[in-house]
Every structure is written in C-alpha cells, then in structure tokens.
Amino acid sequence: MSVSAGGAQRGVGQGGVGQGGVGLCVTGLHHAFGDLPVLDGLDFSVAPGEVTVIVGPSGCGKSTLLGILGGLVQPSRGKVTLQGTPAADCLNPLTFVFQDFALVPWRSVAGNVSLVLEDTPLSRKDRQTRVADMLALAGLSAFADAWPRQLSGGMRQRVGIARALAVRPAVLLMDEPLSALDAQTRGLLLEEFVGLIARTGATTVYVTHNLSEATRLGQQILVMGRRPGRVRAVLRIDTPLAARRADDPALQAVERSLWDLLRADAAEADRELSHGG
Amino acid sequence: MADETRVAFRGGGYAPRRVAWASAATLIGLIALWQALASLGWVSTAFASSPVAIARALGQLGASGELWGHVSASLRRLAIGWVIGTASGLVVGVALGLYTLARSPGMAVVSALFPIPKIALVPLFIIWFGIGEGSKIVTLAFGVFFPTVINTLAGVDGVPRGLIRMAQSFNLRPWSILTKIVLPGALPAILSGFRITTSTAIILLVAAEMIGADRGIGAFVLQAGNLYDTDNLLAGIVVLSAIGLCVSWVLGRLERAWLRWR
Ligand SMILES: Nc1ncnc2c1ncn2[C@@H]1O[C@H](COP(=O)(O)OP(=O)(O)OP(=O)(O)O)[C@@H](O)[C@H]1O
Ligand SMILES: [Mg+2]
C-alpha cells in the first residue's frame, strides 16, 4: 500500500461494476457571489470509479464547488467536463446526496424514491420494481409507506441514498451526507456507504469536515484552503476501501497530516480576524 | 442527610386541552338562557326574537320554498365568485412566486389594490356590470382574489429552496417541479388562505345582496329588517352562520385529507 501526497494523478479504481465509468475534469474554476470571491482557480480531476474527498475549513467554498460540479451553481469562470460516457441505464449522470436529506415531506418513503424516476422513460412497472429494489438495498422495505417525518435521521439519509442510487448515477456528489446525524448512526452509515460505493462502482465526490470519514472513504483527498478556496494539497490513499482499518498507522498518519494542513488554516483565519482583517 | 427539600413540580399549565362536550354545552346553555329570558318576558321578543320563534320562522320559510330560493341564489353567487377569485388568485400568486418578470409589477398592483375596501367598489361594479348577477360575482371574485394571491405567494416563497434544487438536480421537468414540489409545498398556506377568503366572500356576498338584489340571503335579511320582522331577520342570520360553519367544516376535512403528511 502507498500513501502519497502530490498532484492529482490517475489512480487504480476500486474495481466496481461500473468500471470504465465517468470521471470529472475541473479547469480554471473561479467563483464569486457578488463581490465575495469563493473559489479562486481550481484545477483537478476526479478519476472514474474513485472516491474523491474534499476537506477544507468552514466557508471555504466546498458546497459551492459541489454545486458547480453538479450543475446547480453557475461558475463565474472555468468549466467542468464529464470524462467518458455514462452507462446506458444511467438516468441522471450527476446525482446528489444532500446534507439535509432534501426529502419531500408530502411523499412517502417510496414516493420520494419514485419521484426521481417519474420523468424518466422507465415504465410504471419498472419504476415500481426499481423503487422496491432500492428500498430493499437501503434496508427500508418495511418503511415504504412511512412519511419522512416518521423516520430517524439515519433512515432519512438512507432514503436519500436509495433515491440517488435509483437513477443509476455515474457520479455521486455527497455534501456532508452524515453531518446531520449522531455519531453512532454516522459510523453505521459510513460503512454502508463503503459497501454501496464498491457495489455500484459510481465515481464519488464526498465533502466532509470529518477527517476519519475522509481517510475511510478517500482515494484522492483534496484539501482546500481558506476562502477564496484553492486546492492546497492532494493526498492519495491507495489502500482498497475494503481493506482499511481504523487502527492502520498509515491511515492515522494521513489523518494527522490532514489535520496539520487544516489547523494551520484555522489559526491563520483566527489571526486575521484578531487583526481586524 | 437531614437537610432535604422535596423538588416541587413547576412545569404545569400553558397546555389547554379541547373538551368537546364543553363546547356543545356552552352553546346549548346560551340558547336555553336566551329562550328562558324571552319566555319570561325579560327581553322583548319584538327586538330580540327567541330561539323558538326563529326555529318556527325557519320551518315556515323552508316549507314554503322561500328559504331555498334565497339560499340557492346566494350559494350560486358564492360558489361562482369564490371559484373565479380563487382560480385567478392561485395562477397570479404562483406566477409572482416563480417569475422575476411577474413579481415586481404584479406586487405593485396587488399592494396598491389590496387595501381598498371591496364593498366601496360595488357601486362601480354595478355601473360596469349591471345591477344583476355580474356585479355581485365580480365583487366577490375581486375580494377573494387579493388574499388568495398574497397567501399563495407566501406559500410559494416558503417552499424550501433545497427541495427545488433537489428536483432540479434529478432533472425533473418544470411541470413536475410545479405540481409535485411547489404547489404541494404551498398548499398549507393556500388552505389557510381559503379560511380567510371564504369568510371574506360571505361578508361581501351579504353586502352586495343588500345593495341591489331581491333574491339572496342578504336581500332577505334586509327586507325583514325593513319590516321589523326580527324572527325572519335572525332566521336569515342563522342560515348565514350555518353556511359559514359548513364551509369551515369542509375546509377542515380538506386540510386533514391533504395535509396528512404533516
Ligand atoms: N447563495 C449564496 N449567496 C451568497 N453567498 C454565498 C451563497 N452560498 C454561499 N455563500 C458564501 O460563500 C462562501 C462559501 O460557502 P460554501 O457553502 O460553499 O462553504 P462550505 O465550504 O461548504 O462551508 P461549510 O463547511 O460551512 O459547509 C461562504 O462565505 C458563504 O457565506
Ligand atoms: Mg457546505
């Protein structure tokens, strides 16, 4: 196994079903909200079938970046390109899993999953089968008819995952999908993510504040600096996801170096503030 | 440990409960009191009538078919005027909620016209649409339109942005986003708007019928008043309040059926 820091490189994919899948290429990306510069020249690529984790201090533009990757935010400058052709059964190449789940409260669990299939060419019967399959995959079959308000946070995010996987995404964009959950649920769901990502082979971009999530999932880890955000460092972890152990000293070393990179930024921001910057 | 103090409960109150029988008993009690005062001659039946006399008047009006003539004329105006005002208000409210192009001009017009007491417009509408049904229905529709626009707009504005972004991120069509996200999300506000607009509509109905009509409950109440016929006058008012109660019951049902997810 090797853990290396350096520029973005094509690594060996995780070897999922969607091999030869879709990657992303980001070039010269700048973004400002009005006068507020948020992203200041990002260039990186996301290799097909890999998990790219983005970490960075609060407010550095991670969510904005993810929004741009998924076409929900129009960048001021620069572009994002999909590399490769999504599989034939892919209904929505770039698919989000949201931090706040974004479940539709007036639809049942099954209705929430069904919603994203209703404007697709899928027949009604195929749709129902797909919904049932996804709910089974997420362990939600018994809750198909429940309202979102009746579910725990962890179950709500499982619905979010079932919904995302229902469209057979080429790229999964996950913005702090676990941060609204308690620590135990987070741990459980994280392991489920590992399984699902390996199984679907979807390319994944995962934003998190949590460094152990970063080392558990990340094959490429982008560390962003303070706003306006740039890529400060790119770390790679080549240990296959399935082989990673929390007590692996190499992973712990990566976690420490991530923390060192981020702590410096936090301290810098603090100094700047105390000087009235 | 000799030094012990029991912790006193201090978390009570501030949580009134509904007691169904108490509501019914209060109303029945008040009606009985009124009847007793009238029977004892403590209040003048010429001025205040009495529950029994009102019931008798209602019975006669019902039997002669006169009641139904007035009620059907009123209900027809109410239904047509409310539906027109509501439908146009929903369309305009959603448009103002969704489109930049509609919002500022539309809000300017709505804010300018909303404060006008609609009853003041009845004479104008009579000039424009004649003394017949037209002016009454337009008055009602006009009065219903503005609160509907405002409530619908507030409802659409209140739909979480995140849900719309979610729908866009899954490539839902604009029509699906409207019908599956925006409208259901605005529905609670729209339905609470209905409570306002139905009662506004009843007020305007009676006012319009008092200004120029020979049929309708408003006209009937006014005629009875002119004749010092308090039995019939109050019978008309009982009918109005029954209509109001029915409408509110129907709305309650709709809320329960459509907002089960809450
Ligand atoms: N729609 C918007 N309009 C104006 N400013 C915005 C908007 N969205 C985000 N911002 C600002 O842009 C900056 C970056 O926000 P963003 O949400 O991308 O950060 P983030 O890295 O995801 O932060 P966090 O870690 O807290 O989630 C912040 O300063 C935020 O206030
Ligand atoms: Mg964020």
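**Exercise 1.** Which elements do the buried residues of α4(A) pack against?

*Solution.* The model is predicted.
Step 1. Check the helix itself. Helix α4 of chain A covers residues 153-166, and at 1.5 Å a residue its 14 residues should span 20 Å; the end C-alpha atoms are 20 Å apart, which agrees.
Step 2. Find its buried residues. In α4(A), 12 of the 14 residues are buried, among them M155(A), R158(A), I161(A) and L165(A).
Step 3. List the partners. Within chain A, the buried residues pack against β6 (94-97), α2 (109-115), α3 (124-137), β7 (171-175) and α5 (183-200). From chain B, α8 (161-169) is a partner too.
Step 4. Look past the end of the helix. R168(A) follows α4(A) and has a positive phi, near 50 degrees.

**Exercise 2.** Describe the interface between chain B and chain A, then the residues on the side of chain B.

*Solution.* Step 1. Count the contacts and take the area. In chain B, 18 residues are in contact with 22 residues of chain A. The area buried between the two chains is about 1,900 Å², and carbon and sulfur atoms give 64% of that area. On the side of chain B, F170(B), K180(B) and W261(B) lose the most area to chain A, together 36% of what that side buries.
Step 1. Turn to the polar links. There are 10 residue pairs in polar contact across the interface, both residues at pLDDT 80 or more. The elements of chain B that give two or more residues to this side are α8 and α9 (174-211), and α8(B) gives the most, with 6 residues.
Step 2. Sort the residues of chain B that touch chain A: 7 are nonpolar, 6 polar and 5 charged.
Step 3. Count the salt bridges between the chains, which come to 2. In one of them, the side chains of K180(B) and E118(A) meet at 2.8 Å, N to O.

**Exercise 3.** Is S176(B) buried or exposed, and what does S176(B) touch?

Step 1. Apply the cut-off. Buried means under 20% relative accessible area, so S176(B), at 6%, counts as buried.
Step 2. Name the contacts. Not counting residues up to four places away in sequence, S176(B) touches D119(A) and I181(B).

**Exercise 4.** Take the salt bridges R230(A)–D40(A), R158(A)–E192(A) and E133(B)–R76(B), and state what each pair joins.

*Solution.* Step 1. The side chains of R230(A) and D40(A) meet at 2.5 Å, N to O. R230(A) lies in the loop between β9 (220-224) and β10 (231-237) of chain A and D40(A) in strand β3, so the pair ties together parts 190 residues apart in sequence. R230(A) is partly exposed at 46% relative accessibility, and D40(A) is partly exposed at 23%.
Step 1. R158(A) and E192(A) meet at 2.8 Å, N to O. Helix α4 of chain A holds R158(A) and helix α5 holds E192(A), so this pair ties together parts 34 residues apart in sequence. R158(A) counts as buried at 19%, whereas E192(A) is partly exposed at 29%.
Step 2. E133(B) and R76(B) meet at 3.9 Å, N to O. This pair links helix α7 of chain B with helix α4 of chain B, 57 residues apart. A network of salt bridges links R76(B), R77(B), E133(B) and E209(B).

Notes. Residues numbered from 1 in each chain as written. Chains lettered and ligands numbered in written order. Predicted model: local features only at pLDDT ≥ 70, side-chain atom pairs only at ≥ 80, totals over all residues. Heavy atoms only, no water. Helix = DSSP H or I, 4+ residues; strand = E, 2+ residues; numbered from the N terminus. Expected span 1.5 Å × (residues − 1). Buried < 20%, exposed > 50% of the residue type's maximum accessible area, 1.4 Å probe, protein only. Contact = heavy atoms within 4.5 Å. Buried area = accessible area lost by both parts, 1.4 Å probe. Salt bridge = Lys/Arg side-chain N within 4 Å of Asp/Glu carboxyl O. Polar contact = N/O pair within 3.5 Å; in protein donor to acceptor, adjacent residues only side chain to side chain. Nonpolar A, V, L, I, M, F, W, Y, C, P; charged D, E, K, R; others polar.
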